[in-house]
Structure formats: structure tokens, C-alpha cells
Amino acid sequence: MMTSVDTDLIRVLGDPLRLQIVTMLARETLCTTHLVEETGAKQTNVSNHLKVLREAGVVETEPCGRFTYYRLRPEVLEALAGQLADLAATARANADTKRACP
């Protein structure tokens, strides 16, 4: 069984600030202002990271007056977790498989 892992999503989550944002959004829906205050990053930096997360489908937006709130989409992370679990199961099943050198 060959397992395919969403490498684009891993790359997106591989950035420390984006991972911090995702971790915060796992606890509650927040606006950019909250994320700037909590991370200490500049507003433009946070906005750029939120754009990447939105385009990757990790977060969704909710307009609220002049603010935009961001909510984590857990099903995207669950799908990635499933892919990684499948990869781990493949590794476990093939732990004793070794290709001979030519």
C-alpha cells in the first residue's frame, strides 16, 4: 500500500507562525487583531499568513462588521492526520522489509 501525504499542507503548517496561528484557532475563533496581539507579529505578516492558510483550506472566514474572524477547519487537519497515520501503518507493516543493494 503506497500512501500519499499532502506535502503542500505540511509545507503550509511547517511555518512556525502559521502553526502558532493554527494552534490558537483550535481553541477559539479570532480576528486578525487578536492574532497580532497574541503573537506579537506585525499585522501585515499575520494577514499574509492567514491568506496562505485560507488558500490552503485550513481556515475559513466569518465577516463581522469591519472585522474578519478566522475559524479553523478541523476536517482538513483530520484528513492530514489520517494520511500520516496511514503512512505510519505502512512503515510499521514494512519494518522488516529491506531492499538488497546491487
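Which residues form a nonpolar patch on the surface? Ile 10, Leu 84 and Leu 87 do, with about 230 Å² of accessible area together. The model is predicted.

**Patch and helix**

Leu 84 sits in helix α5, which spans residues 74-93. Its relative accessibility is 39%, so Leu 84 counts as partly exposed. The cut-offs for that class are 20% and 50%.

**Strand pairing**

Strand β3 covers residues 67-72 and pairs with β1, residues 30-31. The two run antiparallel and are joined by 2 bridges. Strand β2, residues 59-64, also pairs with β3. That pairing is antiparallel too, over 6 bridges. Two bridge partners in β3 can be named:

| Residue | Bridge partner in β3 |
|---|---|
| Leu 30 | Tyr 70 |
| Glu 60 | Arg 71 |

β2 and β3 make a hairpin, with 2 residues between the strands. Gly 65 lies in the turn and has a positive phi of about 65 degrees.

**After the helix**

Where is Asn 94 found? Asn 94 is in the segment after α5. Its side chain reaches the backbone oxygen of Thr 90 at 2.8 Å. Is Asn 94 buried or partly exposed? Asn 94 is partly exposed, because its relative accessible area is 38%. Asn 94 and Arg 66 are 28 residues apart along the chain. Their C-alpha atoms are separated by 54 Å.

Methods:
Residues are numbered from 1 along each chain as its sequence is written. This is a predicted model: local features need pLDDT of at least 70, side-chain atom pairs count only at pLDDT 80 or more; totals for chains, interfaces and linings use all residues. Side-chain values use heavy atoms; hydrogens and water are left out. Patches are made of residues with over 30% relative accessible area and no salt bridge: like charges are joined within 9 Å, nonpolar side chains (Val, Leu, Ile, Met, Phe, Trp, Tyr) within 5 Å. Accessible areas come from the Shrake-Rupley method with a 1.4 Å probe; for residues, only the protein chains shown count as cover. A salt bridge is a side-chain nitrogen of Lys or Arg within 4 Å of a carboxyl oxygen of Asp or Glu. Helices (H or I, at least four residues) and strands (E, at least two) are DSSP runs, numbered from the N terminus. Buried means under 20% relative accessible area, exposed over 50%, partly exposed in between (1.4 Å probe, protein chains only). Two strands pair if DSSP finds at least two bridges between them. A polar contact is a pair of N or O atoms within 3.5 Å; within protein, one must be able to donate a hydrogen and the other to accept it, and residues adjacent in sequence count only if both atoms are side-chain atoms.
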